Amino acid sequence: MGKPQRERGRERGASPSLSSLSAPEAEAEIEIDTVPSKQTSSPVGPQDDKDIMPDLENLQLEARSSRDFAWYDIQTFLAHRVSNSEMEVRVRYADFGADEDEWVNIKKAVRPRSIPLESSECMKVQAGDLVLCFREGSNEAVHYDAHVMKIERKLHDVRGCRCLFVVKYDHDNTEEKVHLSRLCRRPKF
């Protein structure tokens, strides 16, 4: 099953099919209205990036599938419920059909979308950072959370960043050397 590309050419590849859940017959799409955040200026000077609220109108989200622990872009929220005193939402993943919809815990498995890194942002990545890493195997090509364990800095050339990043995937603790083009950073608010 193919997965859409991230902005700026971030590749999304095939992943094992997400088995469908039985959905209630009366399930309908819910529109969520958001109010744009008000940004106030400080009399002392500009605020740090972490102090600025994201523009909720343009906020893009991703969700971690409970089936393969990979992160997928959310197209829309279909419904919500409380299960075991935890809020869950039924999501439709971008470029997937209704048979791939699933219930996910909103606190643990929904977050603002990760941002692909540019070659010029190489030095911003440090050992210990949480990143979203594109992993391609014989039967999968998906994005997983990983931590940067080690960085082998190299000179950049006309092709861009040539550095190698040793990442350790959170879901299975395996390590792999990857180039910057396979990494996305977590947004800071």
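**Figure 1. Aromatic pairs and the cluster of Tyr72, Tyr93 and Phe96.** In this predicted model, the count comes to 4 aromatic pairs, where rings of Phe, Tyr and Trp (its six-membered ring) pair if their centres lie within 6.5 Å, with planes under 30 degrees apart counted as stacked, over 60 as edge-to-face and the rest as tilted. Tyr72 and Phe96 make an edge-to-face pair, at 5.7 Å centre to centre and 85° between the planes. This pair links distant parts of the chain, 24 residues apart: Tyr72 belongs to strand S2, and Phe96 to the loop between S3 and strand S4 (102-105). Strands are DSSP runs (E, at least two residues), numbered from the N terminus. The ring centres of Tyr93 and Phe96 are 6.4 Å apart with planes at 80°, so this pair is also edge-to-face. Both Tyr72 and Phe96 are buried, as is Tyr93; buried means under 20% relative accessible area, exposed over 50% and partly exposed in between (1.4 Å probe, protein chains only).

**Figure 2. The largest nonpolar core, with 31 residues.** A nonpolar core is a set of buried Ala, Val, Leu, Ile, Met, Phe, Trp, Tyr and Cys residues joined through side-chain atoms within 4.5 Å. Residues with the most contacts inside this core include Val91, Phe165, Val167 and Leu183. Among the strands that each supply at least two residues are S1 (61-64), S7 (130-136) and S9 (164-169); S8 gives the most, with 5 residues. Leaving aside neighbours within four places in sequence, the contacts of Val167 (heavy atoms within 4.5 Å) include Cys133, Ala146, Val148, Met149, Val178 and Leu183.

**Figure 3. Arginine charges over the rings of Trp103 and Tyr169.** The charged end of Arg81 is placed over the ring of Trp103, 4.0 Å from its centre. Arg135 lies over the face of Tyr169, at 4.6 Å from the ring centre. The criterion requires NZ of Lys or CZ of Arg within 6 Å of the ring centre and within 35 degrees of the ring normal.

Figure 4. Arg186 counts as buried because its relative accessibility is 17%. Its side chain makes polar contacts with those of Glu62, at 3.4 Å, and Ser114, at 2.8 Å. A polar contact is a pair of N or O atoms within 3.5 Å; within protein, one must be able to donate a hydrogen and the other to accept it, and residues adjacent in sequence count only if both atoms are side-chain atoms.

**Notes.** Residues are numbered from 1 along each chain as its sequence is written, and side-chain values use heavy atoms, without hydrogens and water. Local features need pLDDT of at least 70 and side-chain atom pairs count only at pLDDT 80 or more, whereas totals for chains, interfaces and linings use all residues.

Methods. Helix = DSSP H or I, 4+ residues; strand = E, 2+ residues; numbered from the N terminus.
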